[in-house]
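Visitor: I am new to this structure. Could you show it to me and walk me through it?

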Amino acid sequence: MAAIAEAEYIWKNGELVPWADATTHVLSHALHYGTAVFEGIRCYKTEKGSAVFRLTDHMERLRRSAFIIGMDLPYSVEELVEATKALIKTNKLESCYIRPIAYRGYGAVGVNPRPAPIDVVIAVWPWDAYLGEGALENGIAAGISSWRQRGINSIPGAVKSSASYLNSGLAHMEALDHGYGEAILLNESGYVAEGSGENIFIVRDDVISTPPISDGCLEGLTRNSLIELALDLDIPVVEESLVRTDLYTADEVFFTGTAAELTPIASIDNRKIGEPGPVTKTLQKRFFDVVYGKLPEYEDWNEYV
Ligand code: PPE
């Protein structure tokens with residue numbers, strides 16, 4: 001999670017630039033005011049070649065995030081999709097993490113973002129297990145943060161903005177300080193929102209529950225995929241507000257996200273949930289079968305490079 005394994009090129013405003021040259025001015029608007037929207041996407045090495053999971057859907061979410069904050073992206077979803085595929089090929093990567101970011105660049109200071117130019121960058125690099133070694137197999141210890149999820153009428157969860165991640169960073173640092181691997185944030189009303197970089201699900205009596213988007217979480221594409229995979233297996237899924245005690249008493253709890261994939265939660269606030277349970281394990285296997293191109297019925301989610 002710390003150091004970046006550098007690739008050779010980065011795509012910036014339509015051009016390929018060497019990794020070390022993909023810089024921006026220190027007075028870029030986004031650096032001062034958080035005016036950036038981004039995505040996290042994964043490309044997996046499958047038997048049929050490298051496949052980017054839901055690439056178009058991610059780029060569409062990027063456009064929606066930009067639209068909400070009044071940023072008119074100078075590239076279409078198709079252009080961003082093609083640029084990403086070409087970038088992966090140029091960098092000769094078989095699997096990687098993909099980070100597109102659109103931000104207000106250099107040219108104006110002051111709160112108003114509009115006079116600042118819009119820069120768009122796509123970077124790719126190899127990135128393994130997000131929540132540490134063994135997390136996917138054994139689960140992690142999570143803790144409820146004393147920091148609240150910013151309100152949907154402050155910095156909306158629907159916008160994947162750099163500004164949101166100050167909130168995530170505060171919660172994540174606190175979790176690490178308390179000896180946990182990840183934080184869970186409650187919203188201002190006390191309902192469970194999400195992890196600092198993941199959506200959250202519980203399983204109780206063979207029913208899956210996850211907080212609704214209106215409780216302030218990101219509309220995660222892994223979340224959305226998992227819901228579909230579960231329903232296709234006839235496992236009921238409910239989107240409902242959850243309180244912290246629902247987490248403590250659940251049979252199984254897990255995080256989902258592009259980086260975190262499907263990471264089981266072994267304990268919350270030192271209350272044992274246990275080893276990854278049957279629903280978690282079934283869905284995790286299903287998820288990896290999908291992204292590695294082993295399930296033909298979900299192949300439209302895999303966009304081959
Ligand atoms: N909530 C948050 C706050 C979040 O950051 C992510 C993804 C999700 C939910 C899950 O969304 P999705 O990836 O579409 O299923 N977090 C990205 C960034 C992580 C980072 O540390 O940077 C990611 O997983 O790529």
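Guide: Start with R54. This residue has a relative accessible area of 8%, so it is buried (buried means under 20% relative accessible area, exposed over 50%, partly exposed in between, with a 1.4 Å probe and protein chains only). The model is predicted: local features need pLDDT of at least 70, side-chain atom pairs count only at pLDDT 80 or more, and totals for chains, interfaces and linings use all residues. Residues are numbered from 1 along each chain as its sequence is written, and side-chain values use heavy atoms, with hydrogens and water left out.

Visitor: Which residue does R54 meet in a salt bridge?

Guide: Side chains of opposite charge can pair when their charged atoms come close. A salt bridge here is a side-chain nitrogen of Lys or Arg within 4 Å of a carboxyl oxygen of Asp or Glu. For R54 the N to O distance is 2.8 Å, and the partner is D57.

Visitor: Is D57 buried, partly exposed or exposed?

Guide: Its relative accessible area is 26%. That value makes D57 partly exposed.

Visitor: What does the salt bridge between K45 and E94 tie together?

Guide: The closest N and O atoms of K45 and E94 are 3.7 Å apart. K45 lies in strand β4 and E94 in the loop between α3 and β6, so the pair ties together parts of the chain separated by 49 residues. K45 is partly exposed at 48%. E94 is also partly exposed, and its value is 45%.

Visitor: Why is strand β6 largely enclosed by the rest of the structure?

Guide: β6 covers residues 96-104. It is largely enclosed because the buried residues number seven of the nine.

Visitor: Which strand pairs with β6 over eight bridges?

Guide: Two strands pair if DSSP finds at least two bridges between them. Strand β3 (residues 36-38) pairs with β6 in the antiparallel sense over three bridges. Strand β4 (residues 41-46) is also antiparallel to β6, over three bridges. The eight bridges, again antiparallel, belong to strand β7 (residues 118-125).

Visitor: Which residue in β6 is the bridge partner of I41?

Guide: A36 has Y103 as its partner in β6. R104 stands opposite I118 in β7. For I41, the partner in β6 is I98.

Visitor: Where is Y180, and how far in space is it from I235?

Guide: Y180 is in the loop between α5 (164-177) and β9 (182-187). It is buried, with a relative accessible area of 13%. Y180 and I235 are 55 residues apart in sequence. In space, C-alpha to C-alpha, the distance is 30 Å.

Terms used. Helix = DSSP H or I, 4+ residues; strand = E, 2+ residues; numbered from the N terminus.
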